[in-house]
Amino acid sequence: MAAIRNSGRGERVCDGVVDCPDFSDELYCPYCPEHHFHCGVGKTCVHKDRLCDGQIDCDNGADEKGCRKFGGGGRNKENKNRLC
Ligand SMILES: [Ca+2]
Ligand SMILES: [Ca+2]
């Protein structure tokens with residue numbers, strides 16, 4: 001816990017709170033495996049296969065909120081080294 005806080009932005013990355021509109025600061029975290037999606041609340045993750053599947057898997061429904069079209073899915077951000 002102490003180590004991650006020493007890196008400046010580190011305290012906001014993977015802290016379980018979404019700071020970026022696109023969830024990018026919480027997308028690649030130890031508590032979220034690569035193919036999982038962070039719900040934006042706490043440290044709850046769901047598999048990407050569960051995004052936009054019509055069923056709410058996150059407590060806040062975040063896995064269904066980002067869907068433009070039903071069944072579309074597809075959130076791929078490569079900027080894991082930056083905050084937002
Ligand atoms: Ca954060
Ligand atoms: Ca879902």
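Figure 1. Beyond residues up to four places away in sequence, Glu64 touches Cys52 and Ile56, two residues being in contact if their C-beta atoms, placed from the backbone, lie within 7 Å. The model shown is predicted: local features need pLDDT of at least 70, side-chain atom pairs count only at pLDDT 80 or more, and totals for chains, interfaces and linings use all residues. Residues are numbered from 1 along each chain as its sequence is written, while chains are lettered from A and ligands numbered from 1 in the order in which they are written. Glu64 belongs to helix H3; helices (H or I, at least four residues) and strands (E, at least two) are DSSP runs, numbered from the N terminus. Because 17 other C-beta atoms lie within 10 Å of its own, Glu64 is partly exposed. A residue is termed buried if 20 or more other C-beta atoms, placed from the backbone, lie within 10 Å of its own, exposed if 12 or fewer, and partly exposed in between.

Figure 2. Asp53 is placed in the loop between E2 and H3. With 17 C-beta neighbours inside 10 Å, Asp53 is therefore classed as partly exposed. The C-alpha atoms of Asp53 and Glu64 are 7.3 Å apart, and the two residues are 11 residues apart in sequence. Cys52 lies in the loop between strand E2 (45–47) and helix H3 (62–65). Cys52 is buried because 21 other C-beta atoms are found within 10 Å. Although not a glycine, Cys52 has a positive phi of about 55°. Most residues other than glycine have a negative phi.

Figure 3. Which residues make up the largest nonpolar core? This core has 7 residues in all, namely Phe37, Cys39, Cys45, Leu51, Cys52, Cys58 and Ala62. A nonpolar core is a set of buried Ala, Val, Leu, Ile, Met, Phe, Trp, Tyr and Cys residues joined through C-beta atoms within 7 Å. In soluble globular proteins, nonpolar side chains tend to be buried together. Apart from neighbours within four places in sequence, the contacts of Cys39 are Thr44, Cys45, Val46, Cys58, Asp59, Asn60, Ala62 and Asp63.

Figure 4. Cys14 is located in the loop between helix H1 (2–5) and helix H2 (24–27). Phi is positive at Cys14, about 60°, although this residue is not a glycine. Cys14 counts as partly exposed because it has 18 C-beta neighbours inside 10 Å. Gly16 also lies in the loop between H1 and H2. Because 14 other C-beta atoms are within 10 Å, Gly16 is partly exposed. Not counting residues up to four places away in sequence, Gly16 touches Gly42 and Lys43. The C-alpha atoms of Gly16 and Val41 are separated by 6.4 Å, the residues being 25 residues apart along the chain.

**Figure 5. Overall arrangement and confidence of the model.** The protein contains 3 helices and 2 strands, which follow the pattern α-α-β-β-α along the sequence. Of its 84 residues, 18% count as buried. Mean pLDDT, the predictor's confidence in each residue on a scale from 0 to 100, is 76 for the protein, and 71% of its residues reach 70 or more. Confidence is lowest in H1, with a mean of 49, and highest in E2, at 90. Over residues 70–74 pLDDT stays under 50, and the model has 7 contacts beyond four places in sequence for this segment. Where pLDDT is low, the predicted coordinates should not be read in detail.
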